Amino acid sequence: MQAGEPEATVPYAAPPRDFPPLAQRVLIIGLDGATFDVLDPVMAAGLMPRLKAAIDSGARGLLRSTIPPLTPAAWTTFQTGQQPGRHGIIDFEQYDNRTGHMQFNSTRSLDHIRNIWQILTDRGLRVGCVNIPMTYPVIPVNGFMVSGFETPNTDSDFVYPPELKGEILARWPDPTVTISWKRKALGGIELFQKNLDYISNSFHQGAAMSAWLGEKYGWDVLMVVLKMVDNLQHKTWKYLDPRWPNRDRPRRERAKQCFVELDKAIGKLLDYATSKGASVMMVSDHGHGSLEGQVQPNLLLQRWGYLALKGGGSQGATRGKYLLERMFGKRRSWKHTLDIEADLAVDHARTRACVMHAGNAAFVYINLKGRQPTGIVDLCDYEPLRAALSERFQSPECRIRNPEGKTIELFPGVYKPEEVYGCTRDEQPWLPDLLLIPHDTLAVVRKIRGRSVVRWSPYRRLEGTHRHDGIFIATGPGIAPQRTLKAGIIDCAPTLMAMLGLRIPAEMTGRVITDAFDRTPVVEKQVSAATIAAAHSRAPSTAESEVYSERELQQVTERLSDLGYLE
């Protein structure tokens, strides 16, 4: 045992399995936002030898994200093996159509469903979770949990068991990696490097914390998410994009060096897995690509007569207040930050449809009588209005030329959520009425600024955004060489259960990625008492205001806004 490693303080013996397992232990490395579009060139340049060796000896493929490919939706789907229409998380925030207000999601939003850590705990296996998004506040497990980047601060309930908190903070004062990308007018290359150093250090911290906790508690399944891979790409995409290899080469080379440090952290985790005889899965919640503009669907709804703004200078006052708050650094109440009124002076009495929140998708809500407190649309007009809106957003007027002169569809995906998620509106009345998935190069905003439907970004303001195709890599005992795997993030939880030789809960709707293994695992579903109880449980809760205090919500919303998740 190396100096500084804890002696195991929690005795543990692994329980029996239902079937001969393909893996006695599994270490899962989450590389948030990772894409082969970046990793392959970096590996080809010799900068990530440990990752390349793992792929060469194991399996790789594309891992399709959720619709939309958002961090909270995707990682919750990973942890439950169920669609967002069942687990209830489609974004960091959720519109409560009963009150007309936005709420912030947390693990309390998931009281109606069981995740993989609870299921494995019930089966007697020991689990460890480090920095997985959508694990705050932490939940009791057979093992340990350190919550993810939506943790507001270190005074909060971010550690289970709670008595572990002091030991973690003594070693890692920033255990949930919550510092945003720093900006300063004259920061220059020095501040840029400091930001990169923080990201690189987060990779090494994640690896060290996982091994330290793993030694202390023991484990059958251990997972760590290196969240800052996503942050790195959001903030440095213009330097990583292969289209501009000769622009600002010093910053480009510095950004690429972060992947060198990432590879070293991955190497430490691979070595730790080998020492425990564990198989390894590496996954990302989504891919990444260039963000070149922002589309304003509420401007379209206004032009088409579905959305009305208050007169008498109300919209100008809303915009002016926002600019003054930014100028003087005044912080809004979190409720004002989340609700639509922060950006638009909506006249709900004359509005039939509005995008209430947005990011990698637009979430359109019809102002329905009897549902929203401001509802004006009769129930008999609901489906005709949905059909009309869907047709309009797919019409030629939603095709434009981008700066390169290519004609693109603003919304190549226009969906009824219940059709995407395999549920009904009666079962899940909280779902938006339409999902608008923008062109790959665009993000969506709910605000209306100017008269242009798309606000294109110059190179100096270019950042990264999410793509649907993430990564899947597996290596170690039981894994077969494979280069062309195709799976979905919903498949990971049932695949993990099969690897461990366990029956798969019937509520998990994903498939087992059998092609990744050197022999076929036993795949058998199981209906448990917990499954039956969940089937009769209530819909996802939206009454989550007690989880975060006013100050904590301000901290979290500012962090997410910095990454472009919130406006």
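**Entry 1: helix 3 and what follows**

I started at G81, which sits just after helix 3 and takes a positive phi of about 70 degrees. I note here that this is a predicted model.

I then went back to helix 3 itself, residues 71–80. Is helix 3 enclosed or open to the outside? I found 10 of its 10 residues buried, so the helix is largely enclosed by the rest of the structure. I listed the buried residues: T71, P72, A73, A74, W75, T76, T77, F78, Q79 and T80.

I checked how strand 11, residues 293–295, meets strand 19. The two run antiparallel and are joined by three bridges. Which residue of strand 19 stands opposite G293? I found W456 there.

**Entry 2: nonpolar cores**

I turned to the largest nonpolar core and counted 65 residues in it. F393 and L410 have the most contacts inside this core. Which elements each supply at least two of its residues? On the helix side I wrote down helix 10 (297–303), helix 13 (382–393) and helix 17 (550–562). On the strand side I wrote down strand 4 (101–104), strand 12 (353–358), strand 13 (362–366), strand 17 (434–437) and strand 18.

Another core lies apart from the largest one. I noted 58 residues for this other core, among them W172, V177, W181 and V224.

As background, I recall that in soluble globular proteins nonpolar side chains tend to be buried together.

**Entry 3: D241**

Last, I looked up D241. I placed D241 in the loop between helix 8 (228–240) and helix 9 (249–275). Is D241 buried or exposed? Its relative accessible area is 4%, so I logged D241 as buried; the cut-off is under 20%.

What does the side chain of D241 reach? I found the backbone nitrogen of R243 at 2.9 Å. Leaving aside neighbours within four places in sequence, D241 is also in contact with R252 and S290.

Notes. Residues numbered from 1 in each chain as written. Predicted model: local features only at pLDDT ≥ 70, side-chain atom pairs only at ≥ 80, totals over all residues. Heavy atoms only, no water. Pairing = 2+ DSSP bridges. Helix = DSSP H or I, 4+ residues; strand = E, 2+ residues; numbered from the N terminus. Buried < 20%, exposed > 50% of the residue type's maximum accessible area, 1.4 Å probe, protein only. Core = buried A, V, L, I, M, F, W, Y, C linked by side-chain atoms within 4.5 Å. Polar contact = N/O pair within 3.5 Å; in protein donor to acceptor, adjacent residues only side chain to side chain. Contact = heavy atoms within 4.5 Å.
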